[in-house]
Amino acid sequence: MKQFLTTSWRRIWIFALSLTPCIWLAWRIYDDDLGPEPAKTLVNTCGVWAANFLVLTLMVTPLKRFFNWRSLNTHRRMLGLFCWFYASLHFGCYVFFILGADFQSFTFELTQRPFIIASIPAWVLLTILAITSPKSIMRLCGKRWKLIHQSIYIIAVLTVLHLIWQIRASYQDAIIYGVLLLGLLALRCKRPATP
Amino acid sequence: MPKKPLIIIPPKNQIAPSEITSESTYLNRRQLMTSLLGGALIGGPLISHAAPSQLTDENPGGPAWLKEKLLAAKPAQPTSESITPYNHVTQYNNFYEFGTAKTDPAKTAHRLKPDPWRVSINGAVDKPGQYFLDDLLKGIDFEERIYRLRCVEAWSMVIPWVGFSLSEILKKAQPNSSAKYVAFTTLLDKEQMPEQGNRLSTINWPYQEGLRIDEAMHPLCILAVGLYGKVLPNQNGAPLRLVVPWKYGFKSIKSIVAITLMEKQPITSWNVLAPKEYGFFANVNPQVDHPRWSQAKERRLPNSLLKPNIVPTQIYNGYGEEVASLYGSLDLKKHF
């Protein structure tokens, strides 16, 4: 039994679990179960999972610090990459299925809607983080790597703005993710004097 | 006000009927129903308009008197537009009293008790009163109206409502000379409408809407009690809802308990919440964008991933011929 809890097995478990929302969506597309506006359902669901993985990724360091849960660190890269994966699906589905890959309306939306303006730099930064995540590139970046990857804090703030600027009938989403993400950032401000 | 015939203008970007199966089936069923109408009046089971595959809730219930009246409703003129299938009309709803996701109302609206239902008509009227719905609707004949519904969120549906002109009810109450506006109020009850108890909601319950009196008296403005020839499902605003087809959907208030005639413009929920985003008039207008998205086009539902089914939005949702005269020289950019 214990053999299934080794680092490499855990990697497989986490990978499979992280992929389930995507597989579930694929099934619902096949089953025609996404409602009358399937693109909206796709975009929303992928967006929610991108935000969830952002929260999970940012939870790794505090959990490691407070519960001395060091082994978690091994899986941070994968969680971050899944955040990028769902954010890219979210963005791609929006451009292709909601805007119909109409570049003109994309540039128009980009200049008009604050919540979309906030989301673009977040996705670009996430993409940079994804590209610089392999160990070989990590070595190549040297000391700058840490600085580059601290931009996840900017991504978190932009994500909260993306949600705040979409508030309509309920504050719920903005408050839940706002408290989680900003709370996780606040934990980092109170870092101990010695590393 | 002269009675005008209902004119339905087909949109320019028409979807081929073959793309959506509902229409032909629906129209065939309706013809069948019309021919059977005489016999059905005896009180047989309600004949469904829609193909069985579109029905997830074959029998939305409702009192017998209402079912009987629905059966006697005058059918609408056939339309060349594809009618949105029943399952989508009843499972994709903005009815925030039951939750903020479009799929929430279909899941939680069973908590609403639409029968018996009381409606009060008060304010600047000579005959104010509170009525049970069946008393209020006595002597009023129903008719079917197939209307485009344009949501402010830039999607739209085509829905076969059953109802009657709002003016018929208003006339019963005899508005007096100071009646310049009509205000509507939705039920306030946390037990039946769970989201009203959610502190994170931005809306100040109960939901309120309003119309200018001439808008309210317009023959296209109806109160609906049915959908697809059947009793209005709870998630669509049972038992009594407004349908103003030339305005954004949020004006068409659901589950009405009070109609108040007023001299001053009434408070309306979305307008109070975000006055820059939602005007009092809220007439469908492709030239006035919502601050957060364009209103030039709409997604006609249901759509699919590869066919977003985007059609141009028409001024007054295509009912300009009938209603544009209500607004004369009103600056629609200012009074959006």
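A helix is a DSSP run of at least four residues marked H or I, and a strand is a DSSP run of at least two residues marked E. The legends below describe a predicted model.

**Figure 1. Secondary structure of chain A.** Nine helices and zero strands make up the secondary structure of chain A. Followed along the sequence, the pattern of chain A reads α-α-α-α-α-α-α-α-α.

**Figure 2. Overall dimensions of chain A.** The C-alpha trace of chain A spans about 50 × 40 × 35 Å along its principal axes.

**Figure 3. Burial and contacts within chain A.** Of the 195 residues in chain A, 25% count as buried. When contacts between residues at least 6 apart in sequence are considered, 63% of them in chain A join residues at least 24 apart.

**Figure 4. Leu332(B) and its position in the chain.** Leu332(B) lies in the segment that comes after α9 (320-323) of chain B. Is Leu332(B) exposed, partly exposed or buried? Leu332(B) has 17 C-beta neighbours inside 10 Å and therefore counts as partly exposed, because that class falls between the limits of 12 or fewer for exposed and 20 or more for buried.

**Figure 5. Residues in contact with Leu332(B).** Which residues does Leu332(B) touch, leaving aside residues up to four places away in sequence? These residues are Asn283(B), Asn285(B), Val288(B) and Tyr327(B). Asn285(B) is 47 residues from Leu332(B) along the chain, and the C-alpha atoms of the two are separated by 8.3 Å.

Terms used: Residues are numbered from 1 along each chain as its sequence is written. Chains are lettered from A and ligands numbered from 1 in the order in which they are written. This is a predicted model: local features need pLDDT of at least 70, side-chain atom pairs count only at pLDDT 80 or more; totals for chains, interfaces and linings use all residues. Two residues are in contact if their C-beta atoms, placed from the backbone, lie within 7 Å.
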